Amino acid sequence: MALLQAAQRGEHALLLAPTGGGKTLAGFLPSLVDLAANPRDGLHTLYISPLKALAVDIARNLTLPVEQMALPIRIETRTGDTPVNRRARQRERPPQMLLTTPESLTLLLSLPDAPALFGGLGAIIVDEAHALAGTKRGDQLALCMSRLATLAPGARRVGLSATVAHPEPLRAWLSPTARPDDVRLIETKGGAAPVFDLQLPEGRLPWGGHMGLASAPEIYRRIEAARVTIVFVNTRAQAELVFAALWRLNEAALPIGMHHGSLEIGLRRKVEAAMAEGRLRAVVATASLDLGIDWGDVDQVVQVGAPKGVSRLLQRVGRANHRMDEPSRAVLVPANRFEVVECVAATEAAAAGELDGEPPRPGGLDVLAQHVLAMACSAPFHPDALYTEVTRAGPYAALARRDFDDVVGFVEDGGYALAAYDRFRRLFRDAEGMLHIRGQAAARQLRMNLGTIVETPMLKVRIRGGGVVGEVEEWFVSTLEPGDCFLFGGQVLRYERLDPAAVIVSRGGEGEPRVPVYAGTRMPLTTYLAARVRAILSDPRRWTHLPEPVREWLRLQRLKSELPPRDGLLVETFPRGGKWFLVAYTFEGRLAHQTLGMLVTKRMERRGLGPLGYVGTDYVLTVWSAFPPTEMDDLFAEDILGDEMEEWLAESSMLRRTFRNVATVAGLLEKKHPGQEKSGRQMTMNSDLIYDVLRRHQPDHILLRATRAEAAQGLTDVARIASLLARVKGRIRHRALDRVSPLAVPALIEEGREWVAGGAEDALLAEAAALVADATGGAEHFAETLAEVTEAVPVRGTSVAREKRRSKWRRSAPRMVTG
Amino acid sequence: MAALGAAHGDRLMAAAPLHIAGERLMLDPAGVLHWPARRLMCVADLHLEKGSAFAARGRLLPPWDTRETLARLVPLLRLYRPRRVVFLGDSFHDDDGPSRLAAADRAAVLHALAGIEAVWVAGNHDPSPPAGLPGMAAAEHAEGPFVFRHVPATRAKGEIAGHLHPKAAAPTRAGGIVRPCFVSDGARVLMPAFGAFTGGLDVADPAIASLFPRGGRAFLLGPQRLYAFPLAPGRRAPAFSG
């Protein structure tokens with residue numbers, strides 16, 4: 001009702017409500033009332049959702065009552081799947097209500113007839129606003145809304161969001177002036193607080209691992225005891241393993257399904273439909289079910305593995321029991337000891353009504369480049385006017401004019417210091433300073449490149465003589481040999497061969513199946529939750545909610561070493577297996593730890609400590625070296641973030657990956673399209689080469705600036721390291737132990753190690769080549785015996801070589817946080 | 001005979017000898033081949049003006065690739081002082097490439113080729129001879145026991161070819177390290193691509209592996225030396241060829 005009042009006063013509004021409050025329909029209510037009272041033609045209400053499926057679902061739910069009441073309102077969807085003839089008709093005769101996605105909206109706004117289409121717009125509804133704000137898609141949508149405000153100044157904005165910790169940034173994002181005060185905040189309090197249960201496996205509590213498979217029997221019993229359960233996991237690989245483990249136990253043949261982003265879309269829709277119709281007792285799901293459509297009668301949510309964030313946990317728990325008056329029930333299943341502490345910290349925070357949220361980040365310059373080209377496609381523009389329009393969007397409110405001009409320069413002619421591309425410019429300026437698009441090629445290019453999500457190169461998985469079951473990442477396929485088996489979509493598949501368009505597999509197979517690992521599916525621990533974990537660990541009075549084995553573990557730690565302090569930093573060193581280990585209890589999340597590992601080993605290298613490798617978990621950083629590490633104040637000093645870091649980071653694979661994404665979104669690189677000859681791997685290669693050349697010749701090019709800015713918050717998380725180093729300065733406690741401490745054990749059995757590379761790469765190559773030379777007797781001449789030699793020392797094929805290849809892929813697998 | 005040790009700038013680079021068809025060829029870790037007996041240097045797949053070729057189609061890649069490539073090539077010409085240099089095809093990214101050369105880059109090419117006989121072998125990207133540059137054009141170049149051609153033939157003895165941009169992943173204890181490479185099996189040499197914007201194709205790809213049915217060796221490029229690794233015998237790939 002508050003929404004209706006706000007609408008009548010023409011106010012912009014942000015509605016915060018727990019999942020399932022019927023808030024989407026509330027968002028449409030003012031528009032329905034208005035259109036029923038004042039019927040009219042032309043587009044009246046634009047609805048934008050992050051999910052295509054959600055737009056389609058809402059359209060269906062709206063159409064029914066509108067038809068029953070015989071209201072003169074047409075409701076249509078517009079997504080990438082909309083057929084061409086319907087698109088044309090929508091432009092000629094727009095419906096009163098159009099439901100779409102940020103990408104399709106950008107495309108509509110790039111058309112020359114955008115002013116006619118949107119000129120009469122009365123309302124803009126943004127659904128799941130919390131899932132868009134703060135992402136590149138959110139940047140894109142904010143820019144689009146700014147353009148809509150220019151075309152239709154009277155349009156009201158309505159944001160619909162789950163409950164968030166800090167509504168201010170969300171209001172600013174939604175606001176037409178970038179000021180939060182111009183958006184009215186409407187909060188509906190949730191019903192009953194959720195009820196949490198901690199489920200530990202029977203028997204010993206695992207030291208390491210993230211899969212939580214030891215608890216499969218308990219999860220199965222919980223499924224049996226409930227009507228409908230969603231089993232949330234953190235990664236697609238974990239989904240496959242948990243699903244397989246549940247089916248091994250499934251003597252009652254309960255209908256249990258699986259849902260993750262790599263399964264073929266038709267299969268996913270089938271699972272969703274079965275769920276909605278109540279034909280499934282449980283579904284094992286990843287973040288692909290975090291948002292969206294209602295699932296009917298879910299009465300239990302199981303979270304396997306640590307939740308990584310309080311807001312995320314509540315969002316997931318909210319998937320159960322969409323009734324306001326009954327509490328949602330959730331079961332947390334930690335996979336190891338640290339995760340137990342994290343689960344307890346998260347439930348305490350949820351009970352206290354505290355949420356975590358990352359601070360807002362400035363909008364991406366690559367997204368802006370795409371937007372500038374889209375606006376140029378629609379109509380000629382003056383840079384001053386576009387700058388004013390862009391800075392009205394929340395994420396770009398603080399955009400410097402120089403950055404804006406450089407982005408326009410990039411769109412214009414590449415923005416290179418060398419005036420080489422004058423004749424290839426995409427925009428030209430007329431006498432009044434207006435920028436015009438040159439030719440149709442640029443518009444075509446925009447349509448090909450539209451969107452801000454850069455997919456990791458994927459290959460379809462096709463069953464020989466059958467259909468496509470989904471897709472796996474290309475680099476995973478490159479680690480397979482014919483005959484290898486892997487687990488996918490709940491079945492064991494045998495790799496046969498690669499044909500240009502797909503991976504050909506057959507069902508069944510022998511041996512231990514591998515599990516495809518996907519990049520970017522593991523979220524790092526949030527800063528807020530990390531602080532809570534530290535607070536619990538450091539204070540034995542707060543251990544009451546911890547299960548006994550964990551308390552015992554912490555008591556032992558206090559005895560053998562000491563507990564990590566709340567605000568300072570505990571660093572332990574100890575010898576083991578001929579190497580020295582350093583374990584830092586930093587709790588800053590995996591991404592930050594990987595970067596910190598690079599920086600600390602760099603400093604150790606300079607001090608002659610012979611660092612050999614490191615591994616970062618969500619909780620700790622572990623480094624091993626040839627000599628005992630000393631002077632922790634120096635290793636964790638703030639100046640490790642200095643010039644040395646610039647240089648080091650620039651060479652890092654994380655910056656290269658970020659550059660690939662930035663360059664693709666900005667339109668420098670082609671997006672991969674299905675059926676295209678150019679493979680994703682070649683593109684990666686090319687983007688590296690371009691990065692190198694650009695870095696040498698124009699280090700301050702706008703795309704490199706955008707890359708560094710993005711990496712600082714994204715893949716490298718430098719900002720978090722900076723605040724850590726400042727926090728612990730002068731408060732570092734070093735414990736030199738003679739053996740591994742209880743808390744350090746999980747880190748030592750962690751997978752996914754990073755090796756100190758860089759200058760060491762050539763030394764490693766030399767060593768490997770020498771090994772091969774020893775084995776082949778140093779044969780430098782090519783004799784008839786070569787074939788035998790190569791069979792004696794296969795590069796591939798033995799288990800040792802295979803193991804190495806795997807560790808290689810773990811090392812070089814792109815890790816992105818795209819959610 | 002000892003490997004040729006030579007200073008590139010301030011770095012010592014060691015070319016590796018390869019005995020093939022009774023001749024001694026030197027594989028330089030910078031990615032060029034030198035035949036001392038004939039004072040011949042060979043370089044493949046420069047793809048000059050690739051950046052501007054993309055720019056002409058609306059994809060505004062950085063314009064410095066030609067400068068970058070030449071900056072690596074010129075010192076090698078100075079080092080080996082060859083009588084003849086064989087450009088093994090795809091020297092320009094497209095036939096119009098030579099006309100887009102920046103004045104400074106064109107001058108650098110002319111200066112570096114002064115007194116050298118240039119042989120421009122035709123590639124699939126640049127079938128026509130480069131307009132305005134000295135030297136002779138050829139579909140392929142035969143000399144001594146060798147044939148220099150762009151696209152490798154199915155069966156060939158004594159062939160020096162390019163086109164495929166081979167790269168290989170060497171297994172080390174810290175995982176695989178990927179580098180461009182020479183590939184040879186004693187019958188032919190497959191050259192790495194030299195250009196700044198040239199990507200690579202894994203030697204395990206059937207397009208390359210099928211050329212070496214009995215295996216061979218990959219020589220991975222490094223800043224100072226090559227790293228040799230055996231290449232598993234390749235299967236003939238009837239299904240497709242890259």
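Trainee: Where in chain A is confidence lowest, and where is it highest?

Mentor: This is a predicted model, and pLDDT is the predictor's confidence in each residue, from 0 to 100. In chain A, the lowest confidence falls in helix 31 (residues 786-792), with a mean of 28. Helix 16 (residues 383-390) of chain A has the highest, at 97.

Trainee: And what is the mean pLDDT of chain A?

Mentor: The mean is 82, and 86% of the residues of chain A reach 70 or more. The pLDDT is below 50 over residues 674-685 of chain A, a stretch with 14 contacts in the model beyond near neighbours in sequence. Residues 777-819 of chain A are also below 50, and that stretch has 73 such contacts.

Trainee: Let's move on to the sheet. In which order do the six strands of the open sheet come?

Mentor: Read a sheet by walking from strand to strand across it. Here in chain A the order is 8-13-12-9-11-10, and the pairing is parallel. Strand 8 and strand 10 (256-259) of chain A each have a single partner strand, so one side of each is left without a neighbour in the sheet. On average, neighbouring strands are turned by 20 degrees against each other, direction ignored.

Trainee: Which residues face each other where strand 13 of chain A meets its partners?

Mentor: Take the two pairings in turn. Strand 8 (residues 195-198) of chain A pairs with strand 13 of chain A in the parallel sense over four bridges, and A:Asp197 has A:Val331 as its bridge partner. Strand 12 (residues 300-304) of chain A also pairs with strand 13 of chain A in the parallel sense over four bridges; there, A:Val302 stands opposite A:Val331.

Trainee: Why is strand 13 of chain A largely enclosed by the rest of the structure?

Mentor: To judge that, count neighbours: a residue is buried if 20 or more other C-beta atoms lie within 10 Å of its own. In strand 13 (residues 329-333) of chain A, five of the five residues are buried, so the strand is largely enclosed by the rest of the structure. A:Arg329, A:Val331 and A:Val333 point one way, while A:Ala330 and A:Leu332 point the other.

Trainee: Which strands does helix 11 of chain A touch?

Mentor: Helix 11 (residues 236-249) of chain A packs on the sheet and touches strand 9, strand 10, strand 11 (282-285) and strand 12 of chain A. The direction of helix 11 makes about 150 degrees with that of strand 11 of chain A. Helix 13 (residues 310-317) of chain A lies across strand 9, strand 12 and strand 13 of chain A, at about 145 degrees to strand 12.

Trainee: Now a helix pair. At what angle do helix 5 and helix 8 of chain A pack?

Mentor: Look at the angle, the distance between axes and the handedness together. Helix 5 (residues 102-109) and helix 8 (residues 136-151) of chain A pack at about 35 degrees, with their axes 9 Å apart, and their crossing is left-handed. Among the residues making the contact are A:Leu105 and A:Leu109 of helix 5 and A:Leu141 and A:Cys144 of helix 8. The contact residues divide into five nonpolar, two polar and two charged.

Trainee: Last one: is A:Leu529 buried or exposed?

Mentor: A:Leu529, found in helix 20 (residues 527-538) of chain A, has 26 C-beta neighbours inside 10 Å, so this residue counts as buried. Residues touched by A:Leu529 include A:Gly309, A:Val310 and A:Asp356.

Methods: Residues numbered from 1 in each chain as written. Chains lettered and ligands numbered in written order. Predicted model: local features only at pLDDT ≥ 70, side-chain atom pairs only at ≥ 80, totals over all residues. Buried ≥ 20, exposed ≤ 12 C-beta atoms within 10 Å, placed from the backbone. Helix = DSSP H or I, 4+ residues; strand = E, 2+ residues; numbered from the N terminus. Pairing = 2+ DSSP bridges. Contact = placed C-beta atoms within 7 Å. Axes fitted to C-alpha atoms, helices over the stretch in contact; angles between N-to-C directions. Left-handed = near helix turned anticlockwise from the far one by under 90°. Nonpolar A, V, L, I, M, F, W, Y, C, P; charged D, E, K, R; others polar. Lists of a residue's contacts leave out its neighbours within four places in sequence.
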